[in-house]
Amino acid sequence: MTTIITRVYDSEKKAKSAAAAAGEKIGEGAVEVVKDAAAFRSAVAKGGASGDAAASMAATIPEGGAMVVARAPWGAAARATAALNAAGPVSTEAPKLYVAD
């Protein structure tokens with residue numbers, strides 16, 4: 001099972017730093033920084049999830065900010081979440097999406 005974890009940051013710089021930290025835990029190819037609904041939809045689709053919530057989730061990105069989308073494999077979600085939370089997201093209450101592999 002893949003867990004798709006999202007976090008919103010108030011700057012693209014913070015988001016890129018968070019993505020790099022999470023990438024060290026789960027692999028760089030499993031983490032993306034997105035700034036709009038189209039990019040979010042693409043990122044979650046790579047993890048096998050529907051992008052139906054893309055517009056509403058992308059609306060939570062503040063001006064000048066960015067969202068990190070991490071696609072954590074089974075057993076790695078806690079490590080990725082900890083790395084993303086350590087970077088100071090706007091909120092740690094973002095929903096997780098679970099996808100059967």
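Modeller: Buried means under 20% relative accessible area, exposed over 50% and partly exposed in between, using a 1.4 Å probe on protein chains only. This is a predicted model, where local features need pLDDT of at least 70, side-chain atom pairs count only at pLDDT 80 or more, and totals for chains, interfaces and linings use all residues. Residues are numbered from 1 along each chain as its sequence is written, and side-chain values use heavy atoms, with hydrogens and water left out.

Colleague: How many helices and strands does the protein chain have?

Modeller: Helices (H or I, at least four residues) and strands (E, at least two) are DSSP runs, numbered from the N terminus. Read from that end, the elements go β-α-β-α-α-β-α-β. The total comes to four helices and four strands.

Colleague: How much of the protein chain is buried?

Modeller: The protein chain has 101 residues. The buried ones make up 44%.

Colleague: How many residues of S3 are buried?

Modeller: S3 covers residues 66-72. It is largely enclosed by the rest of the structure, because the buried residues number seven of the seven.

Colleague: Which residues of S3 point the other way from Ala66, Val68, Ala70 and Ala72?

Modeller: In a regular strand the side chains alternate between the two faces of the sheet. In S3, Ala66, Val68, Ala70 and Ala72 take one side, and they are buried. Also buried, the residues pointing the other way are Met67, Val69 and Arg71.

Colleague: Why is S1 largely enclosed, and which of its residues point the other way from Thr2, Ile4, Thr6 and Val8?

Modeller: S1 (residues 2-9) has eight of its eight residues buried, so the rest of the structure largely encloses it. Thr2, Ile4, Thr6 and Val8 point one way. The other way point Thr3, Ile5, Arg7 and Tyr9.

Colleague: How many bridges join S1 to S3?

Modeller: Two strands pair if DSSP finds at least two bridges between them. S1 and S3 run antiparallel. Thr3 has Ala72 as its bridge partner, and Val8 stands opposite Met67. The bridges between S1 and S3 number seven.

Colleague: Which residue in S3 is the bridge partner of Val33?

Modeller: S2 (residues 31-34) pairs with S3 in the antiparallel sense, over four bridges. In S3, the partner of Val33 is Val68.

Colleague: At what angle do H1 and H4 pack?

Modeller: H1 spans residues 12-26 and H4 spans residues 77-86. Axes are lines fitted to C-alpha atoms, for helices over the stretch in contact, and angles run from 0 to 180 degrees between N-to-C directions. The two axes lie 8 Å apart. The helices pack at an angle of about 160°.

Colleague: Which residues in H4 do Ala18, Ala21, Ala22, Lys25 and Ile26 meet?

Modeller: Contact means heavy atoms within 4.5 Å. The five named residues are in H1. In H4 they meet Arg79, Ala80, Ala83 and Leu84.

Colleague: How many residues of that contact are charged?

Modeller: Ala, Val, Leu, Ile, Met, Phe, Trp, Tyr, Cys and Pro count as nonpolar, Asp, Glu, Lys and Arg as charged, and the others, Gly among them, as polar. In the contact of H1 with H4, seven are nonpolar and none is polar. The charged residues number two.

Colleague: Is Lys13 buried or exposed?

Modeller: Lys13 is found in H1. Its C-alpha atom is 10.0 Å from that of Val33, 20 residues apart along the chain. At 72% relative accessibility, Lys13 counts as exposed.

Colleague: What is the relative accessible area of Ala86?

Modeller: Ala86 has its place in H4. The C-alpha atoms of Ala86 and Ala21 are separated by 9.0 Å, although the two are 65 residues apart along the chain. Ala86 is exposed, with a relative accessible area of 71%.
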